[in-house]
Amino acid sequence: MYGIAMAKGLLVTLKNLTKKPFTVQYPEERLKQHPRFRGEEFVWYEERCTGCASCAKYCPLGIIKIVTTPSETAPAQGDKYKLELFDISIERCMFCGLCVEACPYDALFMGSGFEQGQYSRKGMVIDIDQLRNADKRPSAFFRPQLEDAGYDPQGGRPLDWQEVGRESWQWHEREKAGMKIARPVPSDLLADGPRVDSSFVEDSVPEPKATDGPAPAGDAE
Ligand code: SF4
Ligand code: SF4
């Protein structure tokens, strides 16, 4: 029958006319954000960053540019590279958070701000100085240590680099302890004799054998 669908549509309109609107008058009014909200900014802790560039490698858009001081030798264990450049071009960022997930040292976090609009593309690059000076209120996205602590980036205080990592996690300690190899290597798997064959060492001088006699006269120079 004609007109039923139209009546149904009008009914929906009438129903919503009587409902209280749920829109807010931004920017005067603001909705409460979830602690895991991913904004268009990043929180970076230079103290925690080793310059490994895992974040840059994992970014599917290749918009993180990292330059570290060239080193002629490998840094000592526990050492880190000095960062010269750390640019994030947020005009192309899709805020997927993969860079944050890839950071093994809890140095990079999503931020909660979303008001970084600029009039030029150049202005949409977050450089290392901006990252250094940015407000340290990290989003709890992919950082359960912050979520478990009940941290709210909107209402909470800025966090120091010592407060944002997973070092204090008890399970982490247990995991680390579990990785220790407690079993000795069975003796039947150990090779007999010395582990290094000295004939492969270029500088090694073979020991003269006790049974060797004087060199033949034709060999003398
Ligand atoms: S959030 Fe995604 S797109 Fe943006 S910089 Fe990180 S990995 Fe790249
Ligand atoms: S932010 Fe994390 S992943 Fe990126 S260079 Fe620093 S330590 Fe490596």
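This note goes through the structure in numbered points, from the model as a whole to single residues.

1. The structure is a predicted model, in which local features need pLDDT of at least 70 and side-chain atom pairs count only at pLDDT 80 or more, while totals for chains, interfaces and linings use all residues. Residues are numbered from 1 along each chain as its sequence is written, and chains are lettered from A and ligands numbered from 1 in the order in which they are written.

2. On confidence, pLDDT is the predictor's confidence in each residue, from 0 to 100, and the chain has a mean pLDDT of 81, with 73% of its residues at 70 or more. Two stretches call for care when reading the model. Over residues 181-186 the pLDDT stays under 50, and the model has 1 contact for them beyond four places in sequence; over residues 194-205 the pLDDT is also below 50, and that stretch has 1 contact beyond near neighbours in sequence. Here two residues are in contact if their C-beta atoms, placed from the backbone, lie within 7 Å.

3. The secondary structure comes to 6 helices and 5 strands, where helices (H or I, at least four residues) and strands (E, at least two) are DSSP runs numbered from the N terminus. Along the sequence these elements follow the pattern α-β-α-β-β-α-β-β-α-α-α. Of the contacts in the chain with a separation of 6 or more, 73% are between residues 24 or more positions apart.

4. Strand E3 (residues 83-89) is joined to E5 by 2 bridges, and Ile 88 has Ile 126 in E5 as its bridge partner. As background, strands of a sheet pair through backbone hydrogen bonds, either parallel or antiparallel.

5. Buried residues make up 16% of the 221 residues in the chain; a residue is buried if 20 or more other C-beta atoms lie within 10 Å of its own, exposed if 12 or fewer, and partly exposed in between, with C-beta atoms placed from the backbone. Val 100, leaving aside neighbours within four places in sequence, is in contact with Leu 108, Phe 109, Met 110, Phe 141 and Phe 142.

6. Two ligands can be described by the residues around them, a residue being near a molecule if its C-beta atom, placed from the backbone, lies within 6 Å of it. Around ligand 1 are residues including Cys 59, Cys 93, Cys 96 and Cys 99, and by class the shell has 11 nonpolar, 1 polar and no charged residues. Ligand 2 has 13 residues around it, of which Cys 49, Cys 52, Ser 54, Cys 55 and Cys 103 come nearest, and its shell holds 10 nonpolar, 3 polar and no charged residues. In these counts Ala, Val, Leu, Ile, Met, Phe, Trp, Tyr, Cys and Pro are nonpolar, Asp, Glu, Lys and Arg are charged, and the others, Gly among them, are polar.

7. Is Cys 49 buried or exposed? Cys 49 lies in the loop between E1 and helix H2 (54-58), and it counts as buried because it has 23 C-beta neighbours inside 10 Å. Not counting residues up to four places away in sequence, Cys 49 touches Trp 44, Leu 83, Tyr 105 and Ala 107.

8. Some backbone details deserve a second look. Most residues other than glycine have a negative phi, and most peptide bonds are trans. The peptide bond from Tyr 26 to Pro 27, however, is cis, with omega near 10°. Phe 95, found in the loop between E3 and helix H3 (98-102), has a positive phi near 55°, and Phe 142, in the loop between helix H4 (128-133) and H5, has a positive phi of about 55°. Phe 142 is partly exposed, with 19 other C-beta atoms within 10 Å.

How values were computed:
Pairing = 2+ DSSP bridges.
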